Structures are given as C-alpha cells and as structure tokens.
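Dear colleague,

Please find below the structure that I am handing over to you.

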Amino acid sequence: ISLDARDIKPIDIVLSGSFLAGSAEISLIDDGIPYEKRYVVMVGEMTGGVTFEQNEGIISFDISDPKLTLDQILPSYFATKESISTLPEDQEGMRYPLILSKFTTVPCIRLNTSQYTASFMVAIGHEWEIVKAYKNGLRVYPTDTRLTTVAIPNPNGGVPLTAPLEVDNPYKWEQKQDFDENGIPYTKIRFGFNNLLLQEEFQWKDGDTVYCEIQRTSNEKKLSVVGSILELISKFTGFGIDGCDQVLFNKAFSREPSFLSCGICINGSKQNVTTTIDYITGTLLASFPMIQLMYSSQGIGAVFTDRTRPYVDMSLVSGQGKLYDRVSAIQETSKEQIYNVFTIQYDYDAMNDTYRKTITRDQKSNLFCLLSENNIGRRELEPILSINIFDDQVANYIADWLCNHYTLPCYTVQYEGSSELFFLLKVGDNIELTDEKIGLINVKSTVEGIVYERGKCVLSLRLWLLYDNINSPSKK
C-alpha cells in the first residue's frame, strides 16, 4: 500500500516517540456518511517495515494476513518451578489444561512429590466442578470409605458368592481453587492423608496419573460448537471480539442445531504446541465438516453449510434484476470427492487412548449411500476419529450430514451480478436460482464464494440438483 505522506507526516510520528507500524484498515466510505458506517474491505497488521521519505513523498507498507500476526499459542501458560514451587521435575513444561464447556477425561498435572498426599491441576480457572476422578485408570471417590466386594463361601457349594463391603478409602479427594505464582487461577484436586498410606502399596509413586471428568459450574448457557469457536478466537487470539465478523457468526448460530455441542481440552508440553487457529481448523472442525473458518472484510467468522435448511436467503433469476449472466461452465463434482460409507468414532477416553463408541452410515442405513454405491461402487471416507464429540445425537447428526452432502455429485457454477449482492449475501447462504437458458427453475444453491470487482461481483454457487430431485415428492 502506498499513501501520500503529507496526510500522515511520518517523521513527526517517529520524533514524537511512536511507532509507525501497527494495524491497518482499508475501507470504503462516501461523502456525508458517518465513519462508523464505513464498509471495511480489509483489516490486517502492517508488516515488512514502513518506508517513507520527506513529508511531501510517499509512505509504503504491506498489510499481512491476520493469521500470521494475530494467532496465538494455546494454552499460553505452562508449569515451571517459578510458577509452582513444588512441581515435580517430570511435570515441568506441561501446559495448563484449557477446557471449554466439559470434558470426560482431562489429564491432570501433578503439583507435588509427596508419598502421602497428592495434588493435581485439573484446569485453568475456578469455574469447574469435578464430576469423577480416576487414579491410574481406576475410579476414586470423595468419601471416607469405598465400596468393594468380598468372596464368601457358597452354602450350596460351587462357585463362591460375592458380597459388598465398605472399606477405608486411601484416596479420598476434594476439589480446591488455587493460583500459581503469576496469579493464574486454576482448579485442582487434592488427595489427603490416610493411615492406609503408611503401607507402601497405597503410597503415591512417580508416574501415577490422575484424570478427571469436569463440567462448568456457572449457570451460563453451555457453549455450542460455533460458540466455542467464537470463544476461542475472541479470547485467545489477537482478533478479539472486534475482529470477528458478527454477521457470519450470527448466520452460523442461526443454522446450527441447538443440540450441537462439543468437548474441548487443549494441553500439551513446551515441545508439543498448537495455536488457536490451527486447533480450530485442524482438530475441532475435523469433527464438524459443516463448519469452516473464513476471513472476510469484516474480520474472521464461521460458515455453516447445510443444504437441507427449509428456507432460502434470496431468489435470483439469471438475466433479471441483480443477477446478470452465467460466466462459467457447470462442473460436476469429481468421483474422487464422492463417498458412501461414513464412520465416526467418538466419546474419546484419554486415559486409555480409545474411542468408546462408533457409528456408521452405508447402503444398509441410508438411501443416498445406497444410490451412490449402486452408481460408483463402494467408496469409504476416511473415518472421523473425534476427540471433541461425546454425545450420541451429535454424532448421528454429523453422520447424516455427510450422507446429505457427500454421497452424490453436485455442480459448481459462477454468475456475474450487481455489486449489491456483495453486501446482501454471505458465503454459506442458500439461494433459489433460476436460469432458463440451461433449464434450471428454482434450484436450491449454496453460495461458496463472492468476489467484488469494480461495479459488479462474481458469485460462486454449488447446486444440489441430484439431492433435490431425490427429495422431491414427485420423484419418490
């Protein structure tokens, strides 16, 4: 970007003790329009160094992709002797667990080395309730006694019988709230002293592990998947809430089923790190293929695609009104992008590194899968191994969504239209398209791209022709 330096006076800024480089925004505004009503085309960081000469010259700089400068390592806190003085050596460098909503088996960080008592960090923050706890894979309880079974003779002979028996509990635990030396709040689980711990078999040893199932204690509405994405971006990146495209997020919220939930646990070590955006795109959204992140002129947002929504955002007729004409050929989806067997493994058990549940959709359970296999043979999508899905209804919804979007060919096409469409439509919107030149009447389509050019815009559409023909009552 090059600008007239007379409007900026760069040398005056430098001599006053300020930096030239910062955030940059490109926006459109007409005479008489209030500044807050401007249309933001791009927001980013000024990178590569700012170049300028005298005040009558030109000032030049680059605007970078926000991801390069606004993404952050997640979680940003990790355990050290400086932050937790009693920390065992083998726990140094472990990142504090960051949890959203709930998680079934959180790997906890040991905080001390005593044989007789033990404390473990469960999660960042004080808003958590420990529901269950496990030591070395076995359930432990917050009570003085634990229930076990004992074998007793069978009066009729044969296999001995069992009877319940209450015994002392060496691993009674309680939940505590604490702060590290830097003032970071965290929830911990503390195991107190018990006389049984005088016996070596019950004592705490190096390598003992604790996992906890936790949930948020506040009465706030539990975060949905889209809500979790917004929470991560607004709190754990440089975008903040102001850098989020609220229109895209609001549209995604309106399309997301009310039951669509997820469990998120982000931890690791100094050597095994992730960033917020990488976690969202590489881990979370691998389990939710109907959602994508998108950079827009208004910031970063979420796009929720669902061709089955009963309503459309707009009806357009080629050659009339805002839609001018088709400017590309129609392309059918490649066979390599079509599948008819879908498997989801979910309800992840971090203690044993296994998935407790599996569901499948194929020609035996879904009509679209049957039609697809009859036409192109059996094609299996790589199984989704989800560490974020724990609910049966959510898993079934995702499997059905895959059947509704990946089993049959769809068709992509581009149209040129009025620049107004750039402001009226968003990626992910469903529209009704009529193009009598190629025999399309009120065909449901999804906006996949929208590019502004001088005086016009180009719409990229995905047409769901075969799906809609099968769903049509006259075709059944």
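Which backbone nitrogen does the side chain of D71 reach at 3.0 Å? The backbone nitrogen is that of I277.

Please note that this is a predicted model, in which local features need pLDDT of at least 70 and side-chain atom pairs count only at pLDDT 80 or more, while totals for chains, interfaces and linings use all residues. Residues are numbered from 1 along each chain as its sequence is written, and side-chain values use heavy atoms, with hydrogens and water left out.

D71 sits in the loop between α2 (66-70) and β5. Because its relative accessibility is 16%, D71 counts as buried (under 20% relative accessible area, with exposed meaning over 50% and partly exposed in between; 1.4 Å probe, protein chains only). A polar atom of the D71 side chain also lies 3.3 Å from the backbone nitrogen of T276.

R255 belongs to helix α4 (residues 246-255). R255 counts as buried because its relative accessibility is 6%. Its side chain makes a polar contact with the side chain of D429 at 2.4 Å (a pair of N or O atoms within 3.5 Å; within protein, one must be able to donate a hydrogen and the other to accept it, and residues adjacent in sequence count only if both atoms are side-chain atoms). A polar atom of the R255 side chain lies 3.2 Å from the backbone oxygen of G428.

By contrast, E89, in the loop between β5 (73-74) and β6 (94-100), counts as exposed because its relative accessibility is 71%.

Yours sincerely

Notes:
Helices (H or I, at least four residues) and strands (E, at least two) are DSSP runs, numbered from the N terminus.
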